[in-house]
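The following exercises concern one protein model. Each task is followed by a solution in steps.

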Amino acid sequence: MDTRARLHDEIAARREDLIALTQDLIRIPTLNPPGANYREICDYLDRRLLRAGFHTELIRAEGAIGDSDKHPRWNIVARREGEAPGQCVHFNSHIDVVEVGHGWTTDPFGGEVKDGRIYGRGACDMKGGLAASIIAAEAFIATCPDYAGTIEISGTADEESGGFGGVAYLAEKGYFARVQHVIIPEPLNKDRICLGHRGVWWAEVETKGEIAHGSMPFLGDCAVRHMGAVVAEMEDSLFPALAQKRTEMPVVPEGARQSTLNINSIHGGEPEQEVDYTGMPSACVPDRCRMVIDRRFLIEENIDEVQAEIHAVLERVREGRPGFDYEIKELFRVLPTMTERDAPVVSAVARAVESVMGREADYVVSPGTYDQKHIDRIGRLKNCIAYGPGVLDLAHKPDEWVGIEDMMQSAEVMALALHELLGG
Ligand SMILES: [Zn+2]
């Protein structure tokens with residue numbers, strides 16, 4: 001029997017194990033925020049991966065954003081060396097899940113199996129992907145015990161809140177310096193290879209005014225009206241211009257294949273509701289108004305242009321409004337990243353998808369960022385993709401699920417990719 005068929009059988013024999021593993025992971029509620037039960041899930045993965053012959057290391061991201069004695073940021077890195085020296089393939093999954101929200105008809109931490117699906121918060125994003133990568137590695141080791149090189153599996157904290165206590169921390173500590181290939185089993189669908197993501201620039205724009213009695217607004221200067229002029233200028237000139245900026249990046253969904261801007265929030269004047277106060281507000285002209293913007297940009301744009309564009313909007317408003325004054329503050333930035341289609345990890349997974357699914361893989365780029373940004377920027381490793389089971393649109397929604405057949409097939413793809421990269 002050839003290796004391809006043996007890998008298939010090894011994975012088929014692990015179907016119940018894959019289901020149970022996914023259920024176990026879902027049943028540990030690793031909600032972030034606050035970052036609960038990271039140690040519990042790392043201990044669980046530790047036992048599992050030790051049994052599979054991995055050396056494991058539990059690493060707390062001490063001092064990282066979010067890390068505290070109450071909610072320590074635990075990560076696990078497991079490593080198994082083969083019979084001969086070779087390259088290192090690293091599977092990275094985040095262990096945190098987002099809040100449950102409303103509208104569930106199943107227990108979000110029950111791991112219920114129904115009609116070929118496993119339900120629960122994190123089922124597709126991304127405990128199903130983590131389970132599939134573990135099964136893939138175990139099946140590959142059973143089939144090719146004499147492989148050359150190293151397999152690593154990590155479970156990392158805080159992806160949903162920026163990854164600073166997870167992949168960013170590991171990258172800073174040099175964990176990716178010994179790695180050649182990274183596969184992140186995020187839910188991108190079993191036949192799609194995600195090459196990277198668009199860039200992000202978050203900024204806060206503040207308009208300034210002057211406080212006065214609300215019955216005589218002409219004695220003050222209303223910061224909210226100034227902000228209104230900013231929004232109007234964005235509608236007139238910025239949004240149409242962004243819609244014109246198309247990209248060669250294969251971003252999905254199609255609507256995100258351009259520059260976008262979201263106005264996350266606007267706050268001006270007194271808060272509408274104080275926690276311990278239910279009375280009327282006082283009559284004042286607001287002297288401050290703040291807007292948070294979320295600009296997503298393309299590999300064809302650079303961050304200086306993106307910033308200059310917002311400054312230009314504000315300067316145009318200034319020309320038309322006497323007394324207009326503003327401040328702008330950057331909150332967060334991530335540069336766009338896209339792995340080349342002929343990078344070794346991309347070709348290996350593409351060939352494996354074709355072999356398992358009988359059709360060519362689609363290449364996609366994510367509209368939002370994920371932990372690849374830290375592997376690229378801090379870890380200085382370009383040879384990285386996201387590939388895993390699950391439907392991206394279900395992530396963060398009620399009744400999130402992952403398909404068992406999808407997990408089986410993507411585990412087979414991952415095992416075949418290991419075979420191509422590590423031989424044996
Ligand atoms: Zn995710």
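**Exercise 1.** Is strand E6 (residues 148-156) mostly covered or uncovered, and how many of its residues are buried? Identify its partner strands as well.

*Solution.* The model is predicted, so local features require pLDDT of at least 70 and side-chain atom pairs count only at pLDDT 80 or more, whereas totals for chains, interfaces and linings use all residues. Residues are numbered from 1 along each chain as its sequence is written.

Step 1. Strands (E, at least two residues) and helices (H or I, at least four) are DSSP runs numbered from the N terminus. A residue is buried if 20 or more other C-beta atoms, placed from the backbone, lie within 10 Å of its own, exposed if 12 or fewer, and partly exposed in between. Seven of the nine residues of E6 are buried, and the strand is mostly covered.

Step 2. Two strands pair if DSSP finds at least two bridges between them. Strand E2 (residues 74-81) pairs with E6 in the antiparallel sense over six bridges; here arginine 79 stands opposite glutamate 152. Strand E3 (residues 84-94) pairs with E6 in the parallel sense over eight bridges, with cysteine 88 opposite threonine 150.

**Exercise 2.** Describe the largest nonpolar core and its contributors.

*Solution.* Step 1. A nonpolar core is a set of buried Ala, Val, Leu, Ile, Met, Phe, Trp, Tyr and Cys residues joined through C-beta atoms within 7 Å. The largest comprises 98 residues, and those with the most contacts inside it include Ala136, Val349 and Ala411.

Step 1. Helix H4 (residues 123-143) is the greatest contributor, giving 13 residues. At least three residues come from each of domain 1 (3-197 + 336-422) and domain 2 (199-334); these bounds come from an automatic or database domain assignment.

Step 2. Contact requires C-beta atoms, placed from the backbone, within 7 Å. Beyond its neighbours within four places in sequence, alanine 411 is in contact with Ile11, Leu18, Ala132, Ile135 and Ala136.

Step 3. Another core, of 13 residues, lies apart from this one and has Cys222, Cys289, Val317 and Phe324 among its members.

**Exercise 3.** Why is one side of strand E4 and of strand E16 left without a neighbour in the sheet?

*Solution.* Step 1. Three strands form an open sheet in the order E4-E5-E16, with antiparallel pairing. E4 (113-114) and E16 (401-403) stand at the edges with a single partner strand each, so one side of each lacks a neighbour in the sheet.

**Exercise 4.** To what extent is helix H10 enclosed by the rest of the structure?

*Solution.* Step 1. H10 (residues 404-422) reaches 27 Å from its first C-alpha to its last, close to the expected 27 Å, where the expected span is 1.5 Å times one less than the number of residues.

Step 1. Of its 19 residues, 15 are buried, so H10 is largely enclosed.

**Exercise 5.** How many residues of domain 1 and of domain 2 are in contact across the two domains?

*Solution.* Step 1. The centres of the two domains, taken over C-alpha atoms, are separated by 37 Å.

Step 1. Eight residues of domain 1 are in contact with twelve of domain 2. Strand E14 (residues 362-366) supplies the largest share of the domain 1 side, three residues.
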